[in-house]
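I opened my notebook for a friendly walk through this one.

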Amino acid sequence: MTQVLSANRNASCAAAPPQDEAGVAAPGQERGPGASRLATRQQDRSAIRADGHRPRVLFVSHTGTMSGAELVLRDAVRPWPGATAYLFEDGNLAEALRDAGLTIRLARRGTGLSGLRRDASVLRALPVLGQLAGLALDIARAARGSDIVYANSQKAFLLAALPARLVGRPVIWHLHDILDSAHFGRIQRIVQARLANLCAATIIVPSRAAAEAFVAAGGRPTRVTIVPNGLDLELDPKSPAALRAELGLPAGPLVGVFSRLAPWKGQDVVIDALAEVPNLRCIVVGSALFGEDAYAAELRARAAARGLSDRVLFLGQRSDVPRLMQAVDAVVHPSVDPEPFGRTLVEAMLAGVPVIATDAGASSEILDGGAAGTLVPPRRPDRLAVALAELLADPDAFAARTHHARDRALTLYGAAGMQAALAKLIHETAARA
Ligand code: UDP
């Protein structure tokens with residue numbers, strides 16, 4: 001797939017990408033806490049070009065809620081203090097970006113866009129169209145004061161692409177989603193791919209799976225660059241037993257799921273699998289961030305119906321995921337639809353905990369085809385139960401894979417590597433405009 005992602009100089013609305021832009025971004029190689037501090041200092045300078053010119057970037061996000069894409073943006077902007085973030089709503093993201101030294105420009109009126117399902121029909125979006133037009137004008141004004149517009153979500157791109165191009169600014173779309181039928185309606189996929197072809201100078205995706213889906217939806221492969229999400233994680237030196245005591249978690253076999261509660265994240269499959277593995281408990285970490293409250297209630301009802309209320313522990317949204325991960329015997333990532341990336345996977349790899357994930361979307365790329373974790377088919381509680389039982393029966397048999405996973409995450413998925421790759425693309429795209 002990455003070979004397919006080659007250059008195209010025939011862009012119409014978009015600025016043309018360079019001949020060699022396609023492919024996986026260079027991974028960060030640094031290891032250990034000292035090295036990572038050094039890398040961070042180096043990347044702080046990576047936003048400045050050799051000639052000293054730093055493009056004025058307008059980062060655009062539709063939501064103030066922190067899910068994976070917003071956590072990526074929080075880390076991506078670190079080398080860009082002084083840049084501006086245009087946010088459709090206030091919230092945790094605004095706070096995090098302010099802390100990183102960005103100027104926050106809030107949309108004058110909230111758009112209610114985060115409440116609009118991303119696979120919503122055009123008809124359901126009609127009532128907010130007037131509001132959206134006002135928002136587009138406001139974005140155009142903000143774009144005029146910048147050199148380049150960086151849309152961090154599908155909704156941000158839909159709203160920012162045309163206004164930015166109308167005022168002559170190049171647009172980068174950081175596409176954190178899989179543009180496939182599991183996640184988006186047909187019209188949505190067509191509109192997004194066409195708009196990208198028309199207006200996006202550069203499309204950044206976190207995985208080969210996301211790149212392939214974009215191209216299958218009709219997006220031009222020549223504008224796509226894969227930049228894997230990168231993150232750093234500080235290990236707690238305490239033993240899992242000590243951490244469990246501190247965190248109030250039970251002793252005995254314990255696994256964890258660490259994702260927002262949403263039907264496609266597949267927590268229900270884990271509950272079904274648990275029914276087949278006696279004595280195993282599971283912490284379910286995360287909440288319904290985007291209105292999936294019915295699913296959250298259904299999960300509790302499902303656990304109760306299977307007599308598992310005391311074995312499925314719902315911990316809600318947490319800010320101490322790495323410590324919780326270090327405390328469990330395994331992390332399960334049970335998405336039933338393809339994952340565009342899954343930061344959770346990398347966090348588990350860095351935490352040094354065995355990972356069992358569904359083979360959907362990018363999981364296999366991240367877990368090295370199963371060499372860095374166990375892959376099971378999605379929507380198969382029976383297969384997940386077998387994998388869980390095997391792990392509990394002989395945890396030592398997984399040690400080599402878990403070691404490999406940590407090395408792999410340190411090598412390929414560090415924050416510094418991601419920041420450098422993104423800065424390079426921002427500079428290149430701004431220079432071509
Ligand atoms: N997360 C968190 N608290 C929770 C549950 C999840 O901070 O209670 C974090 C998790 O550690 C990860 C992110 O949310 O960094 C989810 O990112 P991922 O790419 O796995 O999924 P997304 O939500 O983007 O689909």
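**Entry 1: a strand pair.** I began with Trp173 and found that this residue stands opposite Ile203 in strand S6. I keep in mind throughout that the model is predicted.

Entry 2: Next I looked up the strand order and got S3-S2-S1-S4-S5-S6-S7, an open sheet of seven strands with parallel pairing. Which strands sit at the edges? I noted strand S3 (103–106) and strand S7 (224–226), each of which pairs on one side only. From one strand to the next, the twist averages 25 degrees.

I then checked what helix H6 (residues 154–166) does here. H6 lies across strand S1 (57–61), strand S4 (148–151), S5 and S6. Its direction makes about 165 degrees with S4.

**Entry 3: the other sheet.** I moved on to an open sheet of six strands, ordered S10-S9-S8-S11-S12-S13 and again with parallel pairing. Its edge strands are S10 and strand S13 (374–376), and each of them pairs on one side only. The twist here averages 25 degrees from one strand to the next.

Inside this sheet I picked the pair S8 and S9, which is parallel and has five bridges. Two facing pairs went into my notes. Leu254 has Arg281 in S9 as its bridge partner, and Phe258 stands opposite Val285 in S9.

**Entry 4: is S9 covered or open?** I counted five of the five residues of S9 as buried, so the strand is largely enclosed by the rest of the structure. I also sorted its side chains by direction. Arg281, Ile283 and Val285 point one way, while Cys282 and Val284 point the other way, and all are buried. I marked Arg281 as a charged residue that is buried on this strand.

**Entry 5: helix H10.** How many residues of H10 (267–274) are buried? I found seven of its eight, which makes the helix mostly covered. The buried ones are Gln267, Val269, Val270, Ile271, Asp272, Ala273 and Leu274.

I asked what they pack against. The list has strand S8 (254–258), strand S9 (281–285), strand S10 (312–316) and strand S11 (330–333), along with helix H11 (293–305) and helix H15 (381–393). H10 lies across S8, S9, S10 and S11, and runs at about 170 degrees to S9.

Entry 6: I stopped at Ala416, which is found in helix H17 (residues 415–432). Why does Ala416 count as buried? It has 27 C-beta neighbours inside 10 Å, and the cut-off is 20 or more. Ala416 and Gly230 are 186 residues apart in sequence, yet their C-alpha atoms are 7.3 Å apart in space.

**Entry 7: the ligand.** Last, I listed the residues around the ligand and got 17, the closest being Ser67, Gly68, Gly286, Arg343 and Thr344. Helix H2 (68–76) and helix H13 (343–351) are the elements that give two or more residues to this shell. By class, I have six nonpolar, seven polar and four charged residues.

Technical notes:
Residues are numbered from 1 along each chain as its sequence is written. This is a predicted model: local features need pLDDT of at least 70, side-chain atom pairs count only at pLDDT 80 or more; totals for chains, interfaces and linings use all residues. A residue is buried if 20 or more other C-beta atoms lie within 10 Å of its own, exposed if 12 or fewer, and partly exposed in between; C-beta atoms are placed from the backbone. Helices (H or I, at least four residues) and strands (E, at least two) are DSSP runs, numbered from the N terminus. Two residues are in contact if their C-beta atoms, placed from the backbone, lie within 7 Å. A residue is near a molecule or strand if its C-beta atom, placed from the backbone, lies within 6 Å of it. Two strands pair if DSSP finds at least two bridges between them. Axes are lines fitted to C-alpha atoms, for helices over the stretch in contact, and angles run from 0 to 180 degrees between N-to-C directions.
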